[in-house]
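Open the model in your viewer and keep the sequence panel beside it. We will go from stop to stop, and at each one you select something and look.

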Amino acid sequence: EETGETKPVYEKDKLKADIISSAKRDANNLLSPTDWYSSRKAELNTAIPDNILADRKKIRDKVDTIETEVAALTTVESILKYTYSFAE
């Protein structure tokens with residue numbers, strides 16, 4: 001018997017792609033302030049300070065971790081509940 005109630009239909013792959021896209025966008029925002037170091041290195045071969053390299057690597061590694069975690073999610077509920085943070 002119909003209840004007249006509608007339930008949302010979620011596409012797991014799209015939900016996962018949205019999370020990963022959001023994480024990459026957040027990472028880009030965090031990397032942007034130090035992008036000039038990379039440009040300077042490419043143009044002038046000026047060394048990038050170790051702390052900047054380490055910070056940038058940590059951000060990129062976090063995106064890799066998020067992608068791995070999201071890929072392992074198997075239910076819509078687990079995908080919808082998934083959160084991440086670049087803060088420590």
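This is a predicted model: local features need pLDDT of at least 70, side-chain atom pairs count only at pLDDT 80 or more; totals for chains, interfaces and linings use all residues.

**Stop 1: one face of helix 1**

Start with the buried residues of helix 1. Select Leu15, Lys16, Ile19, Ile20, Ala23, Ala27 and Leu31. Now turn the view until you look down the helix axis. The buried residues fall within an arc of 150 degrees, so they line one face of helix 1.

What do the buried residues of helix 1 pack against? Show helix 2 (35-44), helix 3 and helix 4 (76-81): these are the partners.

Next, check the length of helix 1. Its 20 residues, at 1.5 Å a residue, should span 28 Å. The C-alpha atoms at its ends are 29 Å apart, which agrees.

**Stop 2: the largest nonpolar core**

Clear the selection. Pick Leu15, Ile19, Ile20, Ala23, Ile66, Val70, Leu73, Ile79 and Tyr82. These nine residues make up the largest nonpolar core. Which elements give two or more residues to this core? They are helix 1 and helix 3. Helix 1 gives the most, with four residues.

Zoom in on isoleucine 79, a member of this core. Set aside its neighbours within four places in sequence. Isoleucine 79 is then in contact with Lys12, Leu15, Lys16, Ile19 and Leu73.

**Stop 3**

Now for charged side chains. In general, side chains of opposite charge can pair when their charged atoms come close. How many salt bridges does a search of the whole structure find? It finds five. We will visit some of them.

Select lysine 14 and aspartate 18. Their side chains meet in a salt bridge, at 3.0 Å from N to O. Both residues lie in helix 1 (residues 12-31). They are four residues apart, about one turn of the helix.

**Stop 4: a salt bridge between helices**

Select lysine 24 and glutamate 67. They form a salt bridge, and the closest N and O atoms are 3.7 Å apart. This pair links distant parts of the chain: lysine 24 is in helix 1 and glutamate 67 is in helix 3 (residues 50-72).

Lysine 24 has a relative accessible area of 44%, so it counts as partly exposed. Glutamate 67 is partly exposed too, at 27%.

Stay on glutamate 67. Leave out residues up to four places away in sequence, and glutamate 67 touches Ile20 and Lys24. Glutamate 67 and isoleucine 19 are 48 residues apart in sequence, yet 8.6 Å apart in space, C-alpha to C-alpha.

**Stop 5**

Move along helix 3 and select aspartate 61 and lysine 57. Here is another salt bridge, with the closest N and O atoms 2.6 Å apart. The residues are four apart in helix 3, so about one helical turn separates them. Aspartate 61 is partly exposed at 31% relative accessibility. Lysine 57 is partly exposed as well, with a relative accessible area of 44%.

**Stop 6: an aromatic pair**

The structure holds two aromatic pairs. Select tyrosine 84 and phenylalanine 86 to see one of them. How are the rings arranged? They are edge-to-face, with 85 degrees between the planes and 5.8 Å from centre to centre. Tyrosine 84 is partly exposed, at 23% relative accessible area. Phenylalanine 86 is partly exposed, at 22%.

**Stop 7**

Finish at asparagine 45. You will find it in the loop between helix 2 and helix 3. As a general rule, most residues other than glycine have a negative phi. What is phi here? Asparagine 45 has a phi near 60 degrees, a positive value in a residue other than glycine. At 57% relative accessibility, asparagine 45 counts as exposed.

Terms used: Residues are numbered from 1 along each chain as its sequence is written. Side-chain values use heavy atoms; hydrogens and water are left out. A salt bridge is a side-chain nitrogen of Lys or Arg within 4 Å of a carboxyl oxygen of Asp or Glu. Buried means under 20% relative accessible area, exposed over 50%, partly exposed in between (1.4 Å probe, protein chains only). Rings of Phe, Tyr and Trp (its six-membered ring) pair if their centres lie within 6.5 Å; planes under 30 degrees apart count as stacked, over 60 as edge-to-face and the rest as tilted. A nonpolar core is a set of buried Ala, Val, Leu, Ile, Met, Phe, Trp, Tyr and Cys residues joined through side-chain atoms within 4.5 Å. Contact means heavy atoms within 4.5 Å. The expected span of a helix is 1.5 Å times one less than its number of residues. The arc is that of the directions from the helix axis to the C-beta atoms.
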